[in-house]
Amino acid sequence: MKILFYDSKPYDETSFNKALEEYPGLEIEYLEADLNKHTAKLAEGYDAVCAFVSSDISEPVLDRLAERGVRLVLLRCAGFNNVDRETAKKRGITVMRVPGYSPEAIAEHAMALALAVNRKIHKAYIKVRENNFALTGLTGVNFHGKTAGIVGTGKIGAAMCRICRGFGMNVIAFDKYQNPDLDFVTYVDLDTIFAESDLISLHCPLTEDTYHLINSESIEKIRKCPILINTARGGMIDSDALIRGIRDLKFFGVGLDVYEEEDENVFENREDEILQHSIVSRLLSFPNVIVTSHQAFFTEEALQAISRTTLENALGFENGTVNEANKVC
Ligand code: NAI
């Protein structure tokens, strides 16, 4: 099977080339360009394409891939909100993903953002380097004894619940389905999450239901000046409403690994460019906001698991033993 690998970075090549040693019969060509309607034509002669979180897997792209005989899209990520599933089905293209490759990697990053923004590590780091050892402006709060409100208690949300419990926090959660493994968690409705939480962390997929889950109305319901963390998907927070909320002092801190309009930025070095969107700049103008670039997944263990499962997905497709749990459509 020949796989065209879009949006490739050096660390992708390293982990996939290592994994390839265990999966003979698969061939990968790496391409720096991401998948979109212009680059889809490069897939001529390939059986499968490998795509990532910012790849465009919409109707025109799937049409072009199908015309070139591509029958498999291998997502090397968990989320699949960028896939037009109806069109993929119509064009006979199977889409596979890597669910739950390392839930702890993402949950640990969510807690890292929460701790950093709480204890102002981003400011302290700069201050001390400038020989400024004053503490003014660096006051944080204890997490111990506070309430963590977790939205979405699947694999990553459950890991975050366990981490928060380890910090001695009272853990409440909202999900459409209760996770039976989390007997220490109290399930509540969303309004209670907004009203009662000192830390709110988002861990559900981006769907029609969760789009702009954090909006002006939900921010109105916030009572305790919480820290808000989003490592799920940018579209879950209405950025303009968030910016208004930060200005209205509704949040003690905000940590975002994902944000709206991140697609052109993710994993790119754009330091010499004039950015055309202002969401990041406006967010970064606030001292209590930390933004990272969709890196919550980025650990050695996660990269290894991603490359292995992606190649297993490819082999399963080839051998007619598709792993249904990893199949998007
Ligand atoms: P999962 O499928 O194990 O869990 C998702 C949970 O969300 C489920 O319990 C589900 O019932 C719940 N849910 C779905 N719709 C809901 C709704 N409307 N309201 C409340 N809960 C709802 O998924 P997992 O592995 O925990 O991943 C969660 C999300 O994290 C992914 O969809 C992806 O968007 C994001 N992610 C981010 C990464 C990063 O690097 N920043 C890396 C991996 C995933």
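Hi everyone, let me start with a term: on a 1 Å grid over the protein atoms alone, a cavity is a set of points where a 1.4 Å probe fits but cannot get out, and a residue lines it if it has an atom within 4 Å of a point. With that in hand, the second largest cavity here is lined by Y259, E260, E261, N265, R270, L275, Q276, H277, I279 and V280.

A word on the model. It is a predicted one, where local features need pLDDT of at least 70 and side-chain atom pairs count only at pLDDT 80 or more, while totals for chains, interfaces and linings use all residues. Residues are numbered from 1 along each chain as its sequence is written, and side-chain values use heavy atoms, with hydrogens and water left out.

Back to that second largest cavity: its volume is about 70 Å³, a volume being the space filled by probe spheres set on grid points that are joined across faces, edges and corners. Its lining splits into four nonpolar, three polar and three charged residues. For these classes, Ala, Val, Leu, Ile, Met, Phe, Trp, Tyr, Cys and Pro are nonpolar, Asp, Glu, Lys and Arg are charged, and the others, Gly among them, are polar.

How many cavities of 30 Å³ or more does a search of the whole structure find? Three. The largest cavity holds about 90 Å³ of space. It has 13 lining residues, with D12, F52, R76, F297 and L303 closest to its centre. Helix α1 (10–20) and helix α11 (300–319) each supply at least two of the lining residues; helices here are DSSP runs of H or I with at least four residues, numbered from the N terminus. The largest share, four residues, comes from α1. By class, this lining has seven nonpolar, two polar and four charged residues.

Now for the pocket, meaning an open set of points with protein on both sides within 12 Å along at least five of seven lines. The largest pocket contains about 1,300 Å³ of space. Of its 45 lining residues, R97, H203, C204, P205 and L206 lie nearest the centre.

On to polar contacts, pairs of N or O atoms within 3.5 Å. A polar backbone atom of K155 is 2.9 Å from a ligand oxygen atom, and for a polar backbone atom of F297 the distance to a ligand oxygen atom is 3.2 Å. R233 brings a polar side-chain atom to 3.3 Å from an oxygen atom of the ligand. Taken alone, the ligand exposes 870 Å², and the protein buries 88% of that, by the Shrake-Rupley method with a 1.4 Å probe.

Methods. Polar contact = N/O pair within 3.5 Å; in protein donor to acceptor, adjacent residues only side chain to side chain.
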